[in-house]
There are 2 protein chains.
Amino acid sequence: MVAALKAQGHRITPQRLAVLKILANSENHPEVEWIYRKIKKDFPTTSLATVYKTIHLLKEMREVIELGFADRGSRYDGNKPYPHPHIICTSCGAIVDPEFSSMDQMAREIAEKSGYAITHHRLDFFGLCPECRKK
Amino acid sequence: MVAALKAQGHRITPQRLAVLKILANSENHPEVEWIYRKIKKDFPTTSLATVYKTIHLLKEMREVIELGFADRGSRYDGNKPYPHPHIICTSCGAIVDPEFSSMDQMAREIAEKSGYAITHHRLDFFGLCPECRKK
DNA sequence: AAATATAGTGATAATGATTATCCACAGAAA
DNA sequence: TTTCTGTGGATAATCATTATCACTATATTT
């Protein structure tokens, strides 16, 4: 990630390094507030805005993926910065990465292996529609 | 839907009927503002809050599903109120329901049949984690 | 049909995550 | 050292959604 930042002409600041480390090392798909609190321990003067800016930067460079939700804050993943399924607890918000084989048995397998009680899912494909491709 | 509302002891008001009709008949996965504007033509005094309340109600009765986004308003589907994949234009926001067979070829098939240029996707499973199941 | 109880509506304030703004500062280049 | 641009910090602004609350409409009961 550091290399990617430098390559694009961005500076490596202590604050950025801190955000970056947390994103690269955490398995829990953290939210901004969580990252912010962790950073405050080492750099008490860090602003929340800086955390947002850094995440936004890494997101644009595709070093981090965002899991956006309408009813709560976004969650981030710097470990596997590419599309992959998630299991999300609708009660406590825990997020884990399931392993599975085919789409048909997917939900069943995921439920078994993860111990989650799957109630519903969401599968979205993003891209440009025919109209927008022309432009 | 009307039956479902009555069954749960809810009143059938003109405003609710209007929201309900729109949700049941539109193929475009409308957003709240769009629904609101359409309703204003027939019931100019309708409040935006009422639209939100009605949608929330239908969502709770599982008559409508919500596609929530972090960076824009939610979109709703009253035609197929059960989990199913979507193709979403990251430029204009157009949403369509693809048809496909297996997970492996899914993205490819969807791209071909829909004409979308798929760049990424999102597949989320929701449910209760082991901890929350105990409670 | 009138009365009553209560759910629903409308207007607006509040909320909360995220983004924009703006100024001061830091680090590289000259 | 001076300059120049990128970055950080603090806070205001934004925007979709929800909460609030007084008023109204609806369905039921009498």
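Me: In this predicted model, which residue of strand 5 of chain B does A:Phe125 stand opposite?
Reply: A:Phe125 faces B:His121, which belongs to strand 5 of chain B.

Me: What makes strand 5 of chain A and strand 5 of chain B a pair?
Reply: Two strands pair if at least two bridges are found between them. Strand 5 (residues 117-128) of chain A and strand 5 (residues 117-128) of chain B have 11 bridges, in the antiparallel sense, so they count as a pair.

Me: Where do these two strands sit in the sheet?
Reply: The order is 4(A)-3(A)-5(B)-5(A)-3(B)-4(B), an open sheet of six strands with mixed pairing.

Me: Why is one side of strand 4 of chain A and of strand 4 of chain B left without a neighbour in the sheet?
Reply: Strand 4 (95-96) of chain A and strand 4 (95-96) of chain B stand at the edges, and each has a single partner strand, so one side of each has no neighbour in the sheet.

Me: Which residues come nearest to DNA strand D?
Reply: A:Thr13, A:Ser47, A:Thr50, B:Gly73 and B:Ser74 come nearest, out of 24 around DNA strand D. Here the largest share, four residues, comes from helix 4 of chain A.

Me: How do the residues near DNA strand D divide by class?
Reply: The surface near DNA strand D has nine nonpolar, 11 polar and four charged residues.

Note on methods: Residues numbered from 1 in each chain as written. Chains lettered and ligands numbered in written order. Predicted model: local features only at pLDDT ≥ 70, side-chain atom pairs only at ≥ 80, totals over all residues. Near = placed C-beta within 6 Å. Nonpolar A, V, L, I, M, F, W, Y, C, P; charged D, E, K, R; others polar.
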